[in-house]
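Welcome to this tour. Keep your viewer open and your selection tool ready, and we will go from stop to stop together.

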Amino acid sequence: MSVPSTARVVIIGGGIVGVSTLYHLAKGGWSDCVLLEKNELTAGSTWHAAGNCPTFSTGYGVMNMQRYGLELYRGLADEVDYPINYHVTGSLRLAHSHERMMEFERVAGLARHMGLEMAMCTPDELQQHYPFLELHDLEGGLWDPLDGDIDPAQVTQALAKGARTNGAKVIRFTPATGVSRENGEWIVHTEKGDIRCEYVVNAAGYYAPKVGEWFLPFGGRPVPAAVMSHQYFLTEPIPEIAAWSKENGRKLPLLRDVDTSYYLRQETSGFNLGPYERNCQTAWTRPDDPMPDDFSFQLYPDDLDRLEWYIEDAMARVPLLGTQGVSRNINGPIPYAPDGMPMLGPMPGVPNAFEAHSFTFGIAQGGGAGKIAAEWIMHGCTEWDMWSVDPRRYTDYTDKQYCIDKAREVYGHEYAIHFPHHVWPAGRDRKLSPNHDRIVELGGQMGAYNGWERANWFAAPGDDTSEEGTQTWKRSGPWEKRVREECEAVRDGVGVLDLPGFSRFSLTGDGAAEWLRGRIAGALPKVGRMALAYFPDARGRVLTEMSVLRHGEDDFTLITAAVAQWHDYEILKPAHAEGLALTDRTGEMTTLIVTGPDSRALFESLGDADLSLGWLTHQQANVAGKPVLLVRVSFAGELGWEIHASFEDMPAIYDAVLEAGARPFGMYALNSLRMEKGYRAWKVDLSTDYTLLESGLERFVRFDKPQDFPGKAALLSEKQQGSAKGFVTLIVEAEDCDAPYMANILKDGEIVGEVMSGGWGYRIGASIALGLVRSGLTAPGTELEVEIYGRRCKAAVQPDQPLWDPENARLRA
Ligand SMILES: Cc1cc2nc3c(=O)[nH]c(=O)nc-3n(C[C@H](O)[C@H](O)[C@H](O)COP(=O)(O)OP(=O)(O)OC[C@H]3O[C@@H](n4cnc5c(N)ncnc54)[C@H](O)[C@@H]3O)c2cc1C
């Protein structure tokens with residue numbers, strides 16, 4: 001097929017994800033779109049995938065993406081009139097421990113929230129679902145009735161047919177060879193000619209880093225991903241399975257022994273066994289083993305030795321597996337981003353370019369991924385908040401070795417439980433505070449935040465700091481005593497938190513204030529003051545929150561979460577086109593939070609700051625003889641200041657603050673302290689799943705200001721008609737575990753909302769949950785329940801004010 005000279009969108013890559021993106025664009029009315037595939041469709045990872053389609057996920061966005069995709073697949077064959085072998089067999093996940101059962105309870109709750117029914121199973125129930133199962137070492141399991149397997153090539157072809165029917169073009173055997181940019185348009189080059197287009201999508205699967213290189217001259221970054229070699233094998237037919245299937249008229253459910261780390265599926269009348277082995281292997285990472293230009297429809301050599309331990313374990317679990325030999329092994333490339341999640345969304349730094357690659361469960365997720373990619377392109381936003389897969393979640397610290405180390409870690413722990421206090425060890429120490437060594441010396445137990453190492457808590461000599469010590473869902477652990485002490489030090493004395501990596505931008509130039517007013521929902525602070533500002537999207541949902549410090553009429557510093565650096569820069573980037581100067585100064589300064597009732601005395605002893613200046617002011621001052629920007633604010637909710645200083649000067653300042661009596665505290669303490677104040681955390685409590693009004697931020701919205709701002713009309717209409725949901729603070733009668741993210745909130749047994757943040761408040765001595773519930777249930781005193789790992793705990797709505805120091809008297813002291 002010849003290539004057209006123009007198109008609205010060009011998608012590079014004809015695996016399931018690229019094709020699904022094309023299908024959704026065409027269904028959305030964008031028929032003038034082209035997909036380029038270098039070989040035949042599915043030639044990358046898609047053709048050899050096992051085709052398992054779970055709905056299971058521990059994250060809301062991804063589970064939603066899978067829920068939507070599988071729903072689409074169930075009706076797709078009829079919709080486009082293309083046959084698809086899709087077996088909805090249901091699946092069992094096996095639990096070897098109480099902790100795993102708790103994880104399943106949590107996921108079953110998440111599923112219920114979106115209308116999916118998963119069921120907890122006793123060992124006997126497992127055997128009823130799966131008669132060939134041995135029950136040794138099992139606590140129980142989880143039944144997912146919608147799991148199954150689909151033919152990956154057929155579903156891709158069906159999506160392609162649907163796309164073509166709606167007017168889009170699929171052009172096979174036509175590699176894209178590069179991109180250039182002219183007059184604000186992309187030109188995608190091929191050997192058959194150039195295509196001029198508005199938008200371009202990198203859906204090149206494991207080749208995505210190669211395609212990504214073409215975007216480097218246009219503001220792009222090296223794509224953070226590594227390729228793993230992933231295997232499964234098929235057995236010869238097994239008569240007992242054939243007989244069972246014949247008798248029952250269906251296939252056996254899919255089995256996942258997640259603690260051992262493999263899946264086992266019926267394939268015709270034999271088995272398909274696919275482990276995720278600890279001794280896993282990356283591919284194409286060494287200079288003497290580069291990625292070939294073309295690996296279409298090829299596989300790696302078999303390497304069954306690597307799987308031996310898993311095969312033996314599976315044979316003990318389902319002895320039928322051992323009755324027949326291996327008929328075929330598949331060892332293929334699978335791309336891994338550093339956290340094993342897809343890269344799906346805007347390409348960082350590059351205009352009108354999107355990414356949809358690095359899928360490890362691309363068959364299960366492809367249907368939903370296409371919807372999300374198409375929404376990004378057509379509407380500039382997505383229906384659900386998809387931060388967990390947004391490519392901007394990674395910034396400049398992901399070099400090749402980091403990607404390899406993380407890919408190996410994630411692949412080797414594909415099914416691992418993600419405990420709330422567990423910190424993954426690979427790929428660490430990418431970005432260090434100038435105080436790092438000192439903090440580690442003081443017992444700092446570190447965690448990575450956008451690559452920056454920060455202390456989560458400070459251990460005392462003799463405390464258990466092992467990784468095993470964190471393998472618990474419970475609040476209590478080696479850290480708890482110390483976190484309590486840290487919170488008490490902040491409450492009663494003064495604490496110091498070293499906080500490198502705050503994202504920091506400076507925005508200056510004539511008209512900067514006016515430009516910002518047209519972007520944020522609220523008002524700007526006066527010169528010398530700071531304020532929180534919320535950036536809504538066109539639907540009035542929370543895109544981001546920034547602290548705005550005003551130095552002059554048109555001179556601002558904007559400070560935001562560490563992980564928001566690239567995301568938020570892109571929100572501010574249009575300022576360039578208005579002639580304003582926008583600079584990312586994240587790497588120029590670092591921060592200490594010094595807070596607690598004794599903090600004023602501490603600063604009096606250390607410098608020349610004017611400590612009479614009120615809450616939410618800032619000033620240039622000297623602390624320990626070093627020039628600093630001193631901001632009177634405290635995310636911990638006590639009297640306090642943030643010290644912003646150069647990297648060079650900070651060690652002397654930190655030492656002086658410690659010597660003056662401040663106790664170091666960590667991120668766990670800060671999280672507890674901020675929840676007691678009801679302060680929201682970005683992408684935890686604040687996301688594009690909710691509007692500003694639903695998020696309880698009306699006091700930050702100025703409907704009466706003359707400037708228009710994104711989402712103003714939507715928010716006004718919501719205000720007139722009433723919000724669907726409202727933000728609440730709950731006190732929960734939790735036992736030993738606090739409410740996890742997305743725990744269900746119930747009223748009379750019915751799900752009426754969800755928890756965003758949950759944790760213990762050490763100053764108030766209670767378990768707190770911040771969440772959203774149906775409006776009508778937000779009145780103080782309303783009695784609700786919160787589902788914590790399957791246990792329903794009583795909860796009561798609190799007055800709409802901070803739990804700690806409701807009048808903010810301590811902050812203003
Ligand atoms: C052994 C194995 C088993 C698996 N089992 C499962 C499973 O059970 N369930 C599941 O959900 N997932 C599974 N996966 C993962 C799944 O295969 C992938 O997530 C999925 O196929 C990714 O699809 P994609 O469209 O992103 O990439 P790909 O299928 O790799 O497609 C990318 C396409 O881009 C094309 N391309 C690259 N460069 C260019 C260019 N310059 N110009 C034009 N075209 C280009 C390639 O030819 C390729 O066809 C498995 C993977 C492996 C290796």
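Select Arg393, which at 8% relative accessibility counts as buried (buried means under 20% relative accessible area, exposed over 50%, and partly exposed in between, with a 1.4 Å probe and protein chains only). Before going on, please note that this is a predicted model, in which local features need pLDDT of at least 70 and side-chain atom pairs count only at pLDDT 80 or more, while totals for chains, interfaces and linings use all residues. Residues are numbered from 1 along each chain as its sequence is written, and side-chain values use heavy atoms, with hydrogens and water left out.

Asp339 sits in the loop between β17 and β18, and Arg393 in the loop between α9 and α10, 54 residues apart. Helices (H or I, at least four residues) and strands (E, at least two) are DSSP runs, numbered from the N terminus. Asp339 is partly exposed, at 28% relative accessible area.

**Second stop: helix α9**

Select residues 362-379 to see helix α9, and look for its bend of about 40° at Gly368 (the angle between axes fitted to the seven residues ending there and the seven starting there). Of the 18 residues of α9, 17 are buried, so the helix is largely enclosed by the rest of the structure. Step just past α9 to Gly380, which takes a positive phi of about 75°.

How many cavities of 30 Å³ or more does a search of the whole structure find? There is one (on a 1 Å grid over the protein atoms alone, a cavity is a set of points where a 1.4 Å probe fits but cannot get out, and lining residues have an atom within 4 Å of a point). The largest cavity has a volume of about 90 Å³, counted as the space filled by probe spheres set on the points, which are joined across faces, edges and corners. Of its 13 lining residues, select the closest to its centre: Arg106, Gly109, Ala743, Asn744 and Glu787. Helix α3 (residues 98-113) gives the most to this lining, with five residues.

Glu787 is buried, at 8% relative accessibility, whereas Arg792 is partly exposed at 44%.

Key:
On a 1 Å grid over the protein atoms alone, a cavity is a set of points where a 1.4 Å probe fits but cannot get out, and a pocket is an open set with protein on both sides within 12 Å along at least five of seven lines; lining residues have an atom within 4 Å of a point.
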